[in-house]
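Look at the model first, then read the points below.

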Amino acid sequence: GLSLIDGQFVFGRRFIRSHDKTKELDISGWESLAALHVDPWPLVPVSFGGSYSNTSISSGFSYELLESYLHEFDIEASAWVPLILFTPYLKLRIPVWSKFYIAPKDDTNHKIIDTTVSGFHVHLGIAFNIIPYASFLIEVGRSIEEINNFYEKDREFNAYFIGAGLQVAF
C-alpha cells in the first residue's frame, strides 16, 4: 500500500508443546499481540517493525495455576501481495526479549523465569480491506523456539497460532 506506518492488534490461541524423552509439556494459552511496522519504500510491499505479545498460559503444569504469562518482544519483517478486496501477507518474527511468570494457586513461591528465547515465528494471514486504511485480519502461524533454563533445562517448543485482529494504516 501507500501507507508508511501500520499498527496491528491480533488476538488468538497459541498451542505450545514441548517434549523430551520422558515427558510432553503443553503450555497453550490465549495470546494478544500488538505490532507496529514501517514501510520504508511505499511502493514496495515490505515492512519492518516490532511486536509485543502476551500469552496467558492456561494449562500444562502439574499444579493449578493462579496465573501464568509469557511476555515476548520480537522484531518483524513482513511482505504482502496487494489485491483489491484482500491482501495475503507473510510475517517473520524473531524474539529479542522474553519473561515467563508462573504463579501456582497453592504456593506463595511465584516464579519469574527471566530467560532468553531463541527461534522464530512464521505467520501467514489475509487482510480484508473493510474501509480505507483499516483491515480485518485472519492469521495462522507456526513457531519453533527454545526457552533456555526452563525448569533447569533448555526446552524446544513447537507452537501453532490461529487468530484474528485489526490493522490500521497511517
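A cavity here is a set of points, on a 1 Å grid over the protein atoms alone, where a 1.4 Å probe fits but cannot get out; its lining residues have an atom within 4 Å of a point. Arg14, Ile16, Ile27, Leu70, Glu72, Val117, Glu145, Ile147 and Phe157 line the second largest cavity. This is a predicted model, in which local features need pLDDT of at least 70, side-chain atom pairs count only at pLDDT 80 or more, and totals for chains, interfaces and linings use all residues. Residues are numbered from 1 along each chain as its sequence is written, and side-chain values use heavy atoms, with hydrogens and water left out.

**Cavities**
- The structure holds two cavities of 30 Å³ or more; a volume is the space filled by probe spheres set on grid points, which are joined across faces, edges and corners.

**Nonpolar cores**
- A core is a set of buried Ala, Val, Leu, Ile, Met, Phe, Trp, Tyr and Cys residues joined through side-chain atoms within 4.5 Å.
- Buried means under 20% relative accessible area, exposed over 50%, partly exposed in between (1.4 Å probe, protein chains only).
- The largest core has 11 residues, among them Ile16, Ile27, Leu70, Val117, Ile147 and Phe157.
- A second, separate core of six residues includes Trp80, Ala127, Leu137 and Phe161.

**Rings**
- There are five aromatic pairs: rings of Phe, Tyr and Trp (its six-membered ring) with centres within 6.5 Å, stacked if the planes are under 30 degrees apart, edge-to-face if over 60, tilted otherwise.
- Phe11 and Trp30 are stacked, at 5.6 Å centre to centre and 5° between the planes.
- Phe11 is partly exposed at 42% relative accessible area, and Trp30 is partly exposed at 44%.
- Phe73 and Trp97 form a tilted pair, with centres 5.5 Å apart and planes at 50°.
- Ring pairs link Tyr52, Phe73 and Trp97 into a cluster.
- Arg13 lies over the face of Trp30, at 5.1 Å from the ring centre (NZ of Lys or CZ of Arg must be within 6 Å of the centre and within 35 degrees of the ring normal).

Definitions and conventions:
1 Å grid on protein atoms, 1.4 Å probe; cavity = no way out; pocket = protein on both sides within 12 Å on 5 of 7 lines; lining within 4 Å.
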